[in-house]
Amino acid sequence: MKRVTAVILILLTLFSPLAADPIEYEYEPYEKEEFPIWTHELRRAESIFFGSLVITFPVAMGIYALAENLGMPTPSEDYQKVLQQALIAGGLSLIIAGTDWIIGKVSSD
């Protein structure tokens, strides 16, 4: 029964693109006035926030480990430690995104 199911899934995977319709439309770029300015700012802030998490998460882990070694009281559960580290990283990323937004507002005036 497992072999039959596997063969059916493989055949469906292989032959399903044959039944699909080809895409026959041209890419139409967005116009400059198509979205409001605040959506562009939100998109930039989102990109900076999630992009900076790559840097802030290891930094938060290092700061947390240093504070733990210096005697900071920490929870005994591992998931609580990771949650605290994630909150620290999120806060740092939020500060970075907010700082970028403020710099953009000040420099555009």
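1. A residue counts as buried under 20% relative accessible area, as exposed over 50%, and as partly exposed in between. Phe49 has a relative accessible area of 21%, so this residue is partly exposed. Please keep in mind that the model is predicted.

2. Phe49 also has a ring partner. The ring centres of Phe49 and Phe50 lie 5.0 Å apart with the planes at 85°, and the pair is therefore edge-to-face; the cut-off for that label is over 60 degrees. The count of aromatic pairs comes to two.

3. Tyr30 and Phe35 make up an aromatic pair too, with 5.0 Å from centre to centre and 75° between the planes, again edge-to-face. How do these two residues stand in accessibility, exposed or partly exposed? Tyr30 has a relative accessible area of 60% and so is exposed. Phe35, at 37% relative accessibility, is partly exposed.

4. Now for the helices. Helix H2 covers residues 37–69 and helix H3 covers residues 78–108. They pack at an angle of about 135°, and their axes are 6 Å apart. Angles over 145 degrees count as roughly antiparallel and those from 65 to 115 as roughly perpendicular, so H2 and H3 are oblique to each other.

5. On handedness, the crossing in which H2 passes H3 is right-handed. Which classes of residue make up the contact of H2 with H3? There are 17 nonpolar residues, along with six polar and six charged ones.

Conventions
Residues numbered from 1 in each chain as written. Predicted model: local features only at pLDDT ≥ 70, side-chain atom pairs only at ≥ 80, totals over all residues. Heavy atoms only, no water. Axes fitted to C-alpha atoms, helices over the stretch in contact; angles between N-to-C directions. Helix = DSSP H or I, 4+ residues; strand = E, 2+ residues; numbered from the N terminus. Parallel < 35°, antiparallel > 145°, perpendicular 65-115°, else oblique. Left-handed = near helix turned anticlockwise from the far one by under 90°. Nonpolar A, V, L, I, M, F, W, Y, C, P; charged D, E, K, R; others polar. Phe/Tyr/Trp six-rings, centres within 6.5 Å; stacked < 30°, edge-to-face > 60°. Buried < 20%, exposed > 50% of the residue type's maximum accessible area, 1.4 Å probe, protein only.
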